[in-house]
Amino acid sequence: MRNQTDRERTDRKRTDGTQTDRERTDRKRTDGTQTDRERTDSGRADRTRADREQPEPEPAHTDRARADRGQAGEPAALLLPPARPLPAAGVKAAVLLLHGGREAGLQPPSALNPPDLRMRPFARAIGKATASGDVLVARVRYRHRGWNGHHAHPVADVHRALDELRGLVGPVPVVLVGHSMGGRAALRAAAVPGVAGVIALAPWCPPDDGVGHLRGRTVVAFHDEADRVTAAADTWSYLARAHAAGARAAGVRMPAGAHTMIRGARHWHRLTARTAAALLGLGDLPAAVAAGFAAGGLPRPAHGPAGAAPGR
């Protein structure tokens, strides 16, 4: 038999099961054994996946930022004014603002929350009226948009905010200023130790809300009788019952503004700010409010002989 050429020997290897280098490489690719290049590509993919799944480190928080975080990382109920340092001499008093909401709603308020925006001019006016008194003006953050029946969720948020305030600045007198549903929540929280008074703006006062807890407490309500969302008549009835229960109560009939308090807004802002300052001992009561106290909770007009002029 003649000697085989190199080409023939190679062909025989391919038919008798002896593999060439290329064939061994192909077998590795099909039986799960990776080539050097495939091992490199796989390593890169694993590193990319690990980088993507690695949690980002939590940024360091300042003391002020930590004050905006509640227990277990949930948002705090106390919303401090942005980029405004606390008084160097310490906070001597506080005003908390509570915005309106809905009768029912478990979802949280939206980021762009009109009821909350409506309270910000009040915060600025109160800040100016109390500037000499080292007063902290802050807002209350709700976890739910609605009152939600017996749960009364905003009342729990007010209690949380008061607790957080006490932890931040110590025990100081506090005035609660609430609009609509926030007014109802403020009235419910009026008996919390440290609350010096409540100012309810166009409040929601259902006829069956109790007033026994208001004995010895100070409550003021402003309401336009043209309001078609909450009834001024219910507010006046609530104040009369509060007075009978031993509260120091005053009601003021606003000449405009309905429920949103937009028409005649400056009058609402100014009257609220002056009343808040007076309840903290930083000025005299507006004439209409003083007349309301003298009338035993019966509403007095914001204008006219018994009321304060808009510019006061």
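Two strands are said to pair if DSSP finds at least two bridges between them. Helices (H or I, at least four residues) and strands (E, at least two) are DSSP runs, numbered from the N terminus. The structure is a predicted model, in which local features need pLDDT of at least 70 and side-chain atom pairs count only at pLDDT 80 or more, while totals for chains, interfaces and linings use all residues. Residues are numbered from 1 along each chain as its sequence is written, and side-chain values use heavy atoms, with hydrogens and water left out.

The pLDDT, the predictor's confidence in each residue on a scale from 0 to 100, averages 81 for the protein, and 72% of the residues score at least 70. Residues 25–33 have a pLDDT below 50, and this stretch makes 7 contacts in the model beyond near neighbours in sequence, a contact being heavy atoms within 4.5 Å. Over residues 304–312 the pLDDT also stays under 50, and the model shows 22 contacts beyond four places in sequence for them.

The secondary structure comprises 10 helices and 8 strands. An open sheet of mixed pairing is formed by 8 strands in the order 1-3-2-4-5-6-7-8. Strand 1 (78–79) and strand 8 (299–301) stand at the edges with a single partner strand each, so one side of each is left without a neighbour in the sheet. In general, strands of a sheet pair through backbone hydrogen bonds, either parallel or antiparallel. The pairing of strand 2 (residues 93–98) with strand 3 (residues 135–140) is parallel and extends over 5 bridges. Valine 95 has valine 137, in strand 3, as its bridge partner.

Of the 312 residues in the protein, 43% are buried, where buried means under 20% relative accessible area, exposed over 50%, and partly exposed in between (1.4 Å probe, protein chains only). Threonine 218, in strand 6 (residues 218–224), counts as buried because its relative accessibility is 12%. Beyond its neighbours within four places in sequence, threonine 218 is in contact with Ala196, Gly197, Val198, Arg248, Leu279 and Phe293.

Arginine 263 is located in the loop between strand 7 (248–254) and helix 9 (265–279). With a relative accessible area of 65%, arginine 263 is exposed. When residues up to four places away in sequence are not counted, arginine 263 touches Ala256, Gly257 and Trp268.

Among contacts between residues at least 6 apart in sequence, 65% join residues at least 24 apart.
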